[in-house]
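Welcome, and thanks for joining this short tour. Open your viewer and get ready to select a few residues as we go.

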Amino acid sequence: MSSDHTTPRKPVDGQAALLMIALCAIWGMQQTALKAVASDMAPVLQICLRSGVAALFIAALVFARGESHALRGGTWKPGIAIGALFALEYLFMGEGLRFTNASHMGIFLYTAPIFTALGLHFGLPEERLSPLQWLGIVIAFGGVAVSFLGGAGSGPTRGTAWIGDLMGIGAGAAWGATTLTLRFSRLSQAPSTVTTLYQLLGAFVLLGLLALGTGQTAVTATPLLGLSMAFQIVFVSLISLLVWFGMLRVYLASRLGVLSFMTPLFGVVFGVVLLGERLEPAFIGGAIMVVAGILLVSGHEAFRARRAKRFGSPA
């Protein structure tokens, strides 16, 4: 079996684009779900518990499919690494939501594709981005910045939002490092269930210890908390992670990463509708820039693929 470093990845097609829209909606909703019930359960504890419950289901699936062999053979070392990075990502997110609002966290968390694209560009030949695609990334990232600068620190987060926003960038860097670790290790050949299990266990153990150590263990049982945790366990920790890591084994990661720039748009919309966060005029301009950047990257890739198919030229 060839190593993942030489295994070709497909450009983004229509099916991948639709799946990414669904994933972005789920991911955009998670900050709102965490923030909405933060007074009932600390975000760090929410993430710990949802990861632990989801890990039980994923572990059962791994053994039912006969994939437990993938837990051996050298995958445990990178498995520990991505588990720690996953926990770090959600540590930054959970703690950051104490200082900033959900829409800002969504925006800064999804700087992850920038870190991923940079690492892959210099590490894998098939992941090299063209100048036009780099321009698309710059425009999309500029749109993220414009969206943030238009309304930072409004409401109860005024004066502390910058702390949460920096944590959001840290979460994005940790997510990007997770993707790079996956691609450059033996986990790239492991089933997506095994990759997901490593991450969930890492988040459960490390964030659980953090919650205990910092006294963030108080829980107030409410119907909203139950709904939020059900959404987080089923859609965020189970479905979205399985689909995402399955797609990383098939499609070019940098293209998928850029498409994830749609997530901040969903995140801000959910924050406005469900949490009453103000929609600043600058967000509209930033959203246009984000969409334009996505179109430059994915549209250019689609054009190259069509050209190769029609004229037989290399893609």
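Which side chain does Arg98 meet in a salt bridge? Select Arg98 together with Glu95: their side chains make that bridge, with N to O at 2.6 Å. Keep in mind throughout that this is a predicted model.

Stay on Glu95 for a moment. Its relative accessible area is 14%, so Glu95 is buried, given that buried means under 20%.

Next, select Arg65 and Glu67. These two also form a salt bridge, and their closest N and O atoms are 3.8 Å apart. Glu67 has 13% relative accessibility and so counts as buried. The count of salt bridges comes to two.

Now for the surface. Show Phe115, Trp162, Leu166 and Ile169, which form a nonpolar patch there with about 390 Å² of accessible area together. Colour helix α7, residues 161–183, and you will see the element that gives the most to this patch, with three residues. Trp162 has its place in helix α7, and Trp162 is exposed, because its relative accessible area is 53% and the cut-off is over 50%.

Move on to helix α9, residues 223–248. With 26 residues at 1.5 Å each, helix α9 should span 38 Å, and its end C-alpha atoms lie 36 Å apart, which agrees. Centre the view on Ser240 to find a kink of about 35° in α9.

Last stop: the cysteines Cys24 and Cys48. Cys24 is buried at 0% relative accessibility, and Cys48 is buried too, at 4%. How many disulfides does the structure hold? The number is zero.

Terms used: Residues numbered from 1 in each chain as written. Predicted model: local features only at pLDDT ≥ 70, side-chain atom pairs only at ≥ 80, totals over all residues. Heavy atoms only, no water. Patch = residues over 30% accessible without salt bridge, like charges linked within 9 Å, V, L, I, M, F, W, Y side chains within 5 Å. Areas by Shrake-Rupley, 256 points an atom, 1.4 Å probe, with all protein chains shown as cover. Salt bridge = Lys/Arg side-chain N within 4 Å of Asp/Glu carboxyl O. Helix = DSSP H or I, 4+ residues; strand = E, 2+ residues; numbered from the N terminus. Buried < 20%, exposed > 50% of the residue type's maximum accessible area, 1.4 Å probe, protein only. Expected span 1.5 Å × (residues − 1). Bend = angle between axes of the 7 residues up to and from the residue. Disulfide = S-S within 2.5 Å.
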